[in-house]
Amino acid sequence: MIAIVEYGMGNVRSLRNAFEYIGEDVIVTADPGELEDADRIVLPGVGAFGDAMAAIAERGLEPVLQRQVLELKKPVLGVCLGMQLIARSSVEHGEHRGLGWIDAEILRLEVPRPLKVPHVGWNAISFDPADPLFDGIKAGEANFYFVHSFHMVCHHRADLIATANYGIDVTAVVRSGNITATQFHPEKSQDNGLTLLRNWVESTPC
Amino acid sequence: MLKKRIIPKFLIRNGKLVKGVRFHENFREAGNPVSTAKVYDAYGVDELLFVDIDATPQGRAATGSIIERVSEEVFMPFTVGGGIRSLEQIADLLNSGADKVCINTSAVENPAFIKEAASRFGDQCIVVGIDYQRQGDGTQRVVSRCGHQVSEHDPVEWALRMQDAHAGEIMLCSIDRDGTMEGYDVDMIARVADQLEVPLIASSGAGTLQHCKDALEAGASAITISSMFLFSDHSPIKVRTYLATNGVSVRSQKGSHS
């Protein structure tokens with residue numbers, strides 16, 4: 001069973017619908033017991049970084065998430081703001097501490113004119129075609145739906161699994177052991193997104 | 001490279017799709033929103049836009065139940081507009097599965113609302129819709145309340161002001177061109193896109209493939225298409241193929257369930 005963390009930030013319905021569509025049992029919960037029972041955890045998120053960390057703190061979710069992800073090494077998928085939250089810090093509207101699961105920081109997206117910010121829309125990502133996370137996804141046509149104004153800068157090259165070009169290389173997918181995260185919305189990326197979610201569900205963390 | 005977006009715009013009235021001309025004339029029924037959304041998803045359009053056009057006149061927010069049903073069937077981004085005037089309404093629509101909301105009338109009546117909404121839900125979530133129309137004295141003015149209330153705002157200045165209020169995208173809609181299929185207001189699109197740092201969505205006037213190309217080349221990041229899809233034989237596939245062969249960067253893949 002997959003547990004989507006409910007902390008009041010974002011479009012959890014679409015994620016739940018997408019997992020149900022690919023045939024997975026999925027619950028949306030903030031209950032520590034249910035998070036412990038789940039085989040996999042999804043950390044969603046739309047909105048501001050500081051508000052999201054405050055919402056996680058308010059619900060007392062950080063200790064249970066830390067234990068499931070860092071100690072028990074349960075597979076976790078961060079999506080969009082959920083990806084940014086796993087960094088060490090963010091500068092979105094002030095300095096904020098993140099969950100710190102990936103050695104990375106969140107900075108404002110600064111791109112050359114006439115490119116616009118937010119980075120909204122479908123952008124192609126570059127990845128290693130041998131990576132099972134991208135099984136069935138055609139390189140060169142791997143468009144995914146992005147919508148964000150801040151982006152992740154990884155401190156370890158090895159954590160960076162895919163990038164999108166938007167004047168600069170934008171971090172699109174990161175992975176470290178059992179922790180995977182996407183800046184784009186797989187649940188909104190039509191066939192490519194559903195394929196990636198299926199690959200994640202079938203993957204065994206190394 | 002980021003692709004230019006093709007966005008079908010669906011007007012909803014009493015739970016059905018409709019399409020009129022210049023906001024008030026000749027409304028025609030155009031089908032069921034959920035099944036139509038599925039068809040366009042299969043065509044691989046880039047986003048969907050739903051506007052509940054009864055919402056502002058009736059003093060309520062766009063209905064969430066249609067959105068919930070769409071989000072069960074369609075795995076692509078969609079934006080919902082119509083009568084939105086509170087943070088709770090935005091939260092409800094996002095919980096129903098919408099990714100972005102489009103705010104028009106309440107931005108004019110209470111500009112502080114845009115800043116409030118952006119700081120709560122993130123800039124990227126807030127699209128400000130700007131309807132405008134040429135007035136008797138030749139000036140273009142922002143018009144709210146579904147084309148009924150003329151304001152003193154110039155559309156270019158208003159777009160910049162909404163950007164300062166943290167709108168994540170601006171959608172420009174020329175009432176004079178709505179439903180006419182005579183082409184987008186390319187001059188206005190170029191003027192606004194040139195000054196904006198956030199993406200511009202061009203709306204209203206599409207009738208030919210060339211119109212679509214003109215609006216995107218004028219600087220729009222996305223175009224909405226309504227009448228042309230509903231009442232002509234130009235499918236999204238045709239639009240995309242035309243744009244791609246004419247040097248506009250668009251997505252080439254198919255959508256969900258394909």
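In chain A of this predicted model, nine strands form an open sheet in the order 2-1-3-4-13-12-11-8-9, with mixed pairing. Strands are DSSP runs of E of at least two residues and helices are runs of H or I of at least four, both numbered from the N terminus; two strands count as paired if DSSP finds at least two bridges between them. Strand 2 (26-29) and strand 9 (143-148) of chain A are at the edges with a single partner strand each, so one side of each lacks a neighbour in the sheet. On average, neighbouring strands of this sheet are turned by 30° against each other, direction ignored. Residues are numbered from 1 along each chain as its sequence is written, with chains lettered from A and ligands numbered from 1 in the order in which they are written. Because the model is predicted, local features need pLDDT of at least 70 and side-chain atom pairs count only at pLDDT 80 or more, whereas totals for chains, interfaces and linings use all residues.

Helix 1 (residues 12-21) of chain A lies across strands 1, 2, 3 and 4 (76-79) of chain A, running at about 160° to strand 2. Such angles run from 0 to 180 degrees between N-to-C directions, the axes being lines fitted to C-alpha atoms, for helices over the stretch in contact. Eight of the ten residues of helix 1 of chain A are buried (20 or more other C-beta atoms within 10 Å of a residue's own, against 12 or fewer for exposed and in between for partly exposed, with C-beta atoms placed from the backbone), so this helix is largely enclosed by the rest of the structure. Among the buried residues are A:Val12, A:Leu15 and A:Phe19. Helix 1 of chain A is followed by A:Gly23, whose phi is positive, near 90°.

A further open sheet in chain A has four strands in the order 6-5-7-10, again with mixed pairing. Its edges are strand 6 (96-97) and strand 10 (150-154) of chain A, each with a single partner strand, so one side of each is left without a neighbour in the sheet. Strand 5 (residues 89-90) and strand 7 (residues 104-108) of chain A pair in the parallel sense over two bridges, with A:Ser90 opposite A:Ile106.

In chain B, strand 7 (residues 126-134) has eight of its nine residues buried, so it is largely enclosed by the rest of the structure. This strand pairs in the parallel sense with strand 6 (residues 100-103) of chain B over three bridges and with strand 10 (residues 169-174) of chain B over six bridges. Its pairing with strand 8 (residues 140-144) of chain B is antiparallel, over three bridges. B:Tyr132 stands opposite B:Ser174 in strand 10 and has B:Val142 as its bridge partner in strand 8. The hairpin of strands 7 and 8 of chain B has five residues between the strands, and B:Gly138 takes a positive phi near 90°. B:Val101 stands opposite B:Ile126 in strand 7 of chain B.

The contact between the chains takes 35 residues from chain B and 31 residues from chain A, residues being in contact if their C-beta atoms, placed from the backbone, lie within 7 Å. Helix 3 (64-73), helix 4 (87-95) and helix 6 (112-121) of chain B each give two or more residues to the side that touches chain A.

Definitions and conventions
Contact = placed C-beta atoms within 7 Å.
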